[in-house]
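Subject: Structure for you to look at

Hello,

Here is the structure I promised to pass on. Please open it alongside this note; what I found follows below.

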Amino acid sequence: ELPSPLPLPPPSYPERNLPPRTGISVPMLATPPHFIRSVPKAPEELYVPPDNLFDEVVRHEADRVSRPEAVMNRTVFDSIEARVPVGSTGSVPGRPGGSSEHAVELPAYYAPSGPDDHTLVFESRFESGNLRRAVQVYDYEYDLVLNPDYNTKSHTQWYLFRVGNTRKGPSYRFNILNMQKPTSVYNDGMRPLRYSVANASIHGIGWARCGDNIAYYQNGVRRKDKGNSNYYTLTFTVTFDHDDDLVYFSHCYPYCYTDLQNDLRELEKDPNVCRRFRRRKLCETLAGNACDLITITSFCSDPAALRARRAVVITARVHPGESNASWVMKGVLDYLTGPSLDARILRDNFVFKIVPMLNPDGVIVGNYRCSLAGQDLNRLWDDPSRKMHPTIFFAKSMIRHLLNDREVILYIDIHGHSRKKNVFMYGNSESSGVREKIFPGLLCRSSDCFNFEDCCFKIQKSKESTARVVAYRELSIVNAFTLEASFCGADFGPLAEQHFTTRHLEEMGYMLCDAILDYCDPDQTKVMQVVREL
């Protein structure tokens, strides 16, 4: 006799998670943008700049300096210092008294004066959006300034913003002026991402790579937080396909907190998945958002078999601007809850504890690296505060309790990498042994974009309080890794010189699960082959 289906979780829990809470006083649209999930049919090759590109950049900068009277220098967007109409009470429309986090409707900072006014209309006051200010320099050129992470003066890399009032034909130039990293994969061929609402509606085209004349270079603006260093500029040009389109630009494929909540709800609705999937609130964040904990195993098993299973822990998105980590995590979740025989074998033999988004607050407000308190949560695993770093405190506590119940054979924390190509791992090895390198070796054999040569197993002093090192040293989990997926693409194999798409990232999640299967296969042939190679 088949066991009766397990009841679905109460519907009230996920419903209370949306709309997300920002924890900040800046208004945000209650409904985030909706993007269709479509993958380009053709490979998106990396950008190859012309030989004289940087000469042209220098010439253009010199021209701006020598002819200041030609520069418009007109602010056309500010996400914080919004324009208040003359005679108003100072409250923001949609926010009675200006007190609510979410606005039903927000007035545009700039309104075109008529059909002949082709000034772009910018917007970033939505979930995961990041654009502080836009300044029109020339008719078709704009200087852009990003918001640093909240409660910091630094960490600018993630951007997500929208422009309206577009014109088909002209070449527009965008200059993001306050980047901070000294090197970037933008100089190795990475292109920005663009999403056209018109193309999505007419042609079913989702996020796609765009841009020409792409350069990343040090500019002349000094950083106030670090007086001996300058900011960096990302510049690129684009042309639009439609008049009066709404077009979004992003550093990486967006995956916001609302996306996660909707995807988890879809899994909960599936009557087949409910036998394999449990969802509960690990804790609440500083802003009051739920941090989800997912448990995946074959629940309808003999209790003794359940108790005997070993555990695997997987976390992601501790750095909110690394949205590619969420797409890898989506691949993991879809695989483990799927109908395949391999997925069933994994569920029958392991208990998977998964925290798909360790930093919901940062994701919601558009941070790149930090929490709402302005702290890098992946440098606090050694001694997290229950009050200030609740997601890390409770995630670490969850792993400790899990270790009391069963053996944890693997811990993986999924990240995105901004300066290297490929997918690779950081591990821990304080000796010359190979035990800690076997799992990455297996992953390299099963994936077209995982490069073992890019892996590193040294423990730097600056990384001693990261998740993987604390899991290895303090919690004694031998196989504790950071999985890094490039924002750009691969430089070897069949995907060489191509951008990663969301499909590639999700497939990386599938390959991660396949490698777990290989690692624990009673037939250790593949493991022994890797050991011999190492």
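Start with the contacts. Take those in the chain between residues at least 6 apart in sequence: 76% of them join residues at least 24 apart. Please keep in mind that this is a predicted model.

**The chain as a whole**

The chain's secondary structure comes to 13 helices and 20 strands. Its radius of gyration is 24 Å, close to the 24 Å that the globule rule gives for 534 residues, so the chain is as compact as a globular protein of that length. Along the principal axes, the C-alpha atoms fill a box of roughly 75 × 55 × 45 Å. Of the 534 residues, 57% are buried.

Next, the surface. The accessible area of the chain is about 22,900 Å², and carbon and sulfur atoms account for 51% of that. As for charge, the chain has 63 positive and 65 negative charges.

**Strand β12 and its partners**

Look at β12, residues 230–239. Nine of its 10 residues are buried, so the strand is largely enclosed by the rest of the structure. What does β12 pair with? One partner is β8 (residues 171–179), which runs antiparallel to β12 and is joined to it by seven bridges. To find this pairing on screen, go to R173: its bridge partner in β12 is T237. Another partner is β11 (residues 212–222), also antiparallel, with six bridges to β12. Here the pair to look for is Y216, opposite L234 in β12.

**A five-stranded sheet**

Five strands make an open sheet. Their order is β4-β7-β13-β9-β10, and the pairing is antiparallel. Which strands sit at the edges? They are β4 (121–123) and β10 (208–209), and each pairs on one side only. Inside the sheet, β9 (residues 193–196) and β13 (residues 247–250) are joined by four bridges in the antiparallel sense. Y195 marks the spot, as its bridge partner in β13 is Y248.

**Helix α10 and strands β19 and β20**

Now move to α10, residues 438–446. Its buried residues are I438, F439, P440, G441, L442 and L443. What do they pack against? Three strands are involved: β18 (408–417), β19 (423–426) and β20 (480–486). So are two helices, α12 (502–519) and α13 (525–533).

Last, M528. This residue lies in helix α13. Is M528 buried or partly exposed? Buried would need under 20% relative accessible area and exposed over 50%. M528 has 41% relative accessibility, so it counts as partly exposed. For a sense of distance, compare M528 with L120: they are 408 residues apart along the chain, and their C-alpha atoms are separated by 60 Å.

Then go to β12, with nine of its 10 residues buried.

Best wishes

Conventions:
Residues are numbered from 1 along each chain as its sequence is written. This is a predicted model: local features need pLDDT of at least 70, side-chain atom pairs count only at pLDDT 80 or more; totals for chains, interfaces and linings use all residues. Side-chain values use heavy atoms; hydrogens and water are left out. Buried means under 20% relative accessible area, exposed over 50%, partly exposed in between (1.4 Å probe, protein chains only). Two strands pair if DSSP finds at least two bridges between them. The radius of gyration is taken over C-alpha atoms; the globule rule is 2.2 Å times the number of residues to the power 0.38. Contact means heavy atoms within 4.5 Å. Accessible areas come from the Shrake-Rupley method with a 1.4 Å probe; for residues, only the protein chains shown count as cover. Lys and Arg count as positive and Asp and Glu as negative; His and the chain ends are not counted. The place of a charge is taken as NZ of Lys, CZ of Arg, CG of Asp or CD of Glu.
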